[in-house]
2 protein chains.
Amino acid sequence: MAGLTIKDIARICNVSISTVSRAINNDRGINSQTRERVLQVAKQFGYVPNNSARNLKMAESNTIALMCKGMDNPFFQGMYPYFQQELEKYNYEFLLHSMPEEIDEGYEAEEIAKEKRLKGMIFLGGRLDYPEAVLGNIQVPFVLCSVASAVSVNMTNMNVSSVSIDDEKEAYKVVRYLIRMGHRRIAIIAGKKHDHTVASLRESGYRRAINESGLELDPELIRYLDDSIPEYTEANGYATMKKLLESGTDFTAVFVISDRMATGAYKAIYDSGRKIPRDISVVGFDGIELSRYLYPSLTTVVQPVRKMVKSSVELLRAQIMGDDTKKHLIYDAELSEADSVRSLL
Amino acid sequence: MAGLTIKDIARICNVSISTVSRAINNDRGINSQTRERVLQVAKQFGYVPNNSARNLKMAESNTIALMCKGMDNPFFQGMYPYFQQELEKYNYEFLLHSMPEEIDEGYEAEEIAKEKRLKGMIFLGGRLDYPEAVLGNIQVPFVLCSVASAVSVNMTNMNVSSVSIDDEKEAYKVVRYLIRMGHRRIAIIAGKKHDHTVASLRESGYRRAINESGLELDPELIRYLDDSIPEYTEANGYATMKKLLESGTDFTAVFVISDRMATGAYKAIYDSGRKIPRDISVVGFDGIELSRYLYPSLTTVVQPVRKMVKSSVELLRAQIMGDDTKKHLIYDAELSEADSVRSLL
DNA sequence: ATCCTGATTGGAAACGTTTCCTATCAGAAC
DNA sequence: GTTCTGATAGGAAACGTTTCCAATCAGGAT
């Protein structure tokens, strides 16, 4: 409780507080013997620097906030440990902050940055088209992770770095894959209509694949989420799939734009008495750990989560250290072929 | 970037900084008109208090750390949003901190508390028998959440509050349920042998249920985790179940001590060509969201997560506010009967 | 008119650092 | 011996608050 201060250590070592400060911060301009002695004493007496004082003096904190929209999303949750790990490397604090479902003009991230004296922010998920007001005023370094594909969205000229995959392309690829496997009537469980998240990019990929293959873009096959259920949840995947099945529309495969929703879709299919992939082939998106343990294991687009997190933190770090070149990293995802797709050839 | 200070506001309002401070903190001993005027100006100019300075002066921060062992566990992950929500009520920061797999004498949580100037800590998961050194020296309020059943473990006389369920009892109940359904050869996928987590309590419950029912405690039916695979993961559930199946031991039901592992076990069962619940009945433990979306939906013990989180935070809050009565809350869990158990009657 | 009281306000110290500016000192160069 | 130099150390201000203490003042009691 007592809490030793730099002053105590100074007294014990019979040196000035400036010297102790220099020793602890590994500053130069101090005799290495003195430093050793001070450090030794500090350790022995269990001295711990007071971050508040340090931050006050240095006019900043050491905290990075992870601004998360939909923090109950298993895809994001799978990232937390990685963020923790990467941020730890630089001795950053990790503040988890959830953003409201609806982010509009009224939401100003900068207020939070100021209030918490953040050193940086990482936005995880959220809108592709953040209103100018939301991001435009942020005065601390920040990066967008898994939110924007600079390819598809006009974000390259915003003063911001990002790490993502090319959602449109990957969705395109996975639907093409279904077509190669002989499927012709392919449904999609898409996101909310026009909600400006990656979901809409994935839907675009689907549309392009269908179009380019000369198949029919049947509106009956394109299903948007149920507005009355929390978005992008298992429950919503279940409900939407159920409606699709009950509509009597004919199809042999379905692309569910997230693994989480695919989990719900699986159940709806089973509950209807159908079998995967015998009656319906399913592909997901994200590559959450669970996808390998569903039965049958889910064919899905695996995002390189580890790399994305690492890069996000590195990009942020670079910005904090003064590098002001804005980068947009776009990683390739990988189609993981599992047992949920049947070949019709 | 500038960052207005209390001093600026004072100058603008033509009052002293003490007055501004009083206005902002809603202190008494200030004319209400003055207060209104100051607050109005502060707001207008976008003043944000500097927490570092405040914390320095007040000799504390406003941060609560969630000390999490196994932060990739979906059961815990499901709790994060709730913690966020509850802590927000008191304006606490939410610091997510993962603890190492192996927690022994060498690990001192107090160091972290000191370093980060924590206001409180919540331990999520971890050992039932934390070595004295780990918890014994902690000088800030803390509570254990979902780690200890005060009923089973001699923790009542430690200076600590806790929130949990009675893991032994709940496990007992779920195994009794299997027995009522006519099962006689009931296997268990337990935890690591003697690892002092809730897993061992759940195993005890299993043993008692089997014993009391006059059934045989066949060592062949009691399976511990594979040491070569990360503990308590889907992968480990899969591997352990696979071994059990391949051993040729006869059984009609299996109690998997966590839903996460049950997910892996499901897959192992399917992969072996068996069906749930036709060939093998399965029950899990925890009640993670996913359990309802497995196929067939998993019969499991649902922990009252929402309530547990709320109580943890409230208990912590009470301690912070000076209440030093240590409480041990033990909630009832609920058996959620789903489709993974077949009646043999 | 004087004194006292309570309400309101201002002044200043303190929290634990970092860092600029000086001071000291040993040895090298003269 | 004197002067300069570089290395090392100490002193003190400053960061933005909170809070104790003293000061002011209006109005009621004397």
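This is a predicted model: local features need pLDDT of at least 70, side-chain atom pairs count only at pLDDT 80 or more; totals for chains, interfaces and linings use all residues.

Reader: How many residues of chain A are in contact with chain B, and how much area do the two chains bury?

Author: Let's start with the contacts: 47 residues of chain B touch 47 residues of chain A. Carbon and sulfur atoms make up 57% of the area buried between the two chains. That buried area comes to about 4,200 Å².

Reader: Which residue of chain A forms a salt bridge with Glu289(B)?

Author: The count of salt bridges between chain B and chain A is 2. In the one with Glu289(B), the closest N and O atoms are 3.4 Å apart. This pair counts as a salt bridge because the cut-off is 4 Å between a side-chain nitrogen of Lys or Arg and a carboxyl oxygen of Asp or Glu. The partner of Glu289(B) is Arg260(A).

Reader: How many residues on the side of chain B that touches chain A are charged?

Author: Several elements of chain B each supply at least two residues to this side, among them helix 6 (80–89), strand 2 (93–99) and helix 12 (259–271). Sorted by class, the side of chain B that touches chain A has 18 nonpolar and 14 polar residues, and the charged ones number 15.

Reader: What distance separates the centres of domain 1 and domain 2 of chain A?

Author: In the domain assignment, domain 1 of chain A covers 6–49, while domain 2 is made of 63–165 and 304–332. Domain 3 takes in 168–303. Taken over C-alpha atoms, the centres of domain 1 and domain 2 of chain A are separated by 37 Å.

Reader: How much of the part of DNA strand D within 4 Å of the protein is sugar and phosphate?

Author: Both chains take part here: 25 residues surround DNA strand D, and the closest include Ser16(A), Thr34(A) and Tyr47(B). Of the atoms of DNA strand D that come within 4 Å of the protein, sugar and phosphate account for 61%.

Methods
Residues are numbered from 1 along each chain as its sequence is written. Chains are lettered from A and ligands numbered from 1 in the order in which they are written. Side-chain values use heavy atoms; hydrogens and water are left out. Contact means heavy atoms within 4.5 Å. Buried area is the accessible area (1.4 Å probe) that two parts lose on being put together, summed over both. Helices (H or I, at least four residues) and strands (E, at least two) are DSSP runs, numbered from the N terminus. Ala, Val, Leu, Ile, Met, Phe, Trp, Tyr, Cys and Pro count as nonpolar, Asp, Glu, Lys and Arg as charged, and the others, Gly among them, as polar. Domain bounds come from an automatic or database domain assignment. A residue is near a molecule or strand if one of its heavy atoms lies within 4 Å of it.
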